[in-house]
Amino acid sequence: MKNTKITWIIVRIMLVLISILVFTPLVMPMERYSPELFGLPYLLWVGILVYFALVALISIGVKVHSKILKEE
């Protein structure tokens, strides 16, 4: 029980941090297209990575939260 609640808190914190970082110059630089990855501009491939990270965190969060609800 305690382990799942800690995981739930970590997932929520990571989701908020990633959502905030998306709008910083770290992810959205002004007029910068390099470094390219497989011919994709920087903003596109970083956006794809952020998308996959958010999907993974949401799926982990759904599983953990459903376990917490079943235990209560």
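The structure is a predicted model. Its secondary structure consists of 2 helices and 0 strands. The radius of gyration is 16 Å, well over the 11 Å that the globule rule gives for 72 residues, so the protein is more spread out than a compact globule. Along the principal axes, the C-alpha atoms fill a box of roughly 50 × 20 × 15 Å. Buried residues account for 18% of the 72 residues. The protein exposes about 5,800 Å², and carbon and sulfur atoms supply 74% of that area. When contacts between residues at least 6 apart in sequence are considered, 60% of them join residues at least 24 apart.

The interior may be considered next. In soluble globular proteins, nonpolar side chains tend to be buried together. Here the largest nonpolar core has 8 residues, namely Val11, Ile18, Val27, Tyr42, Trp45, Val46, Val50 and Leu57. The elements that give two or more residues to this core are α1 and α2, and α2 gives the most, with 5 residues.

Nonpolar side chains are also found on the surface. Leu40, Leu44, Ile48, Tyr51, Phe52 and Val55 form a nonpolar patch there, and together they have about 540 Å² of accessible area. Leu40, one of these residues, lies in the loop between α1 (2-21) and α2 (42-71). Leu40 counts as partly exposed because its relative accessibility is 31%, a value that falls between the limits of 20% for buried and 50% for exposed.

Individual positions in the helices complete the picture. Thr4 is found in helix α1 and is buried, because its relative accessible area is 15%, which is under the 20% limit. Leaving aside residues up to four places away in sequence, Thr4 touches Val64, Lys67, Ile68 and Glu71. Ile13 also lies in helix α1, but Ile13 counts as partly exposed because its relative accessibility is 47%. Ile13 and Val55 are 42 residues apart in sequence, and their C-alpha atoms are 15 Å apart in space.

On the other helix, His65 lies in α2. With a relative accessibility of 29%, His65 counts as partly exposed. His65 and Trp8 are 57 residues apart in sequence, yet the distance between them is 6.6 Å, C-alpha to C-alpha.

Definitions and conventions. Residues numbered from 1 in each chain as written. Predicted model: local features only at pLDDT ≥ 70, side-chain atom pairs only at ≥ 80, totals over all residues. Heavy atoms only, no water. Patch = residues over 30% accessible without salt bridge, like charges linked within 9 Å, V, L, I, M, F, W, Y side chains within 5 Å. Areas by Shrake-Rupley, 256 points an atom, 1.4 Å probe, with all protein chains shown as cover. Salt bridge = Lys/Arg side-chain N within 4 Å of Asp/Glu carboxyl O. Helix = DSSP H or I, 4+ residues; strand = E, 2+ residues; numbered from the N terminus. Buried < 20%, exposed > 50% of the residue type's maximum accessible area, 1.4 Å probe, protein only. Core = buried A, V, L, I, M, F, W, Y, C linked by side-chain atoms within 4.5 Å. Contact = heavy atoms within 4.5 Å. Rg over C-alpha atoms; globule rule 2.2 N^0.38 Å.
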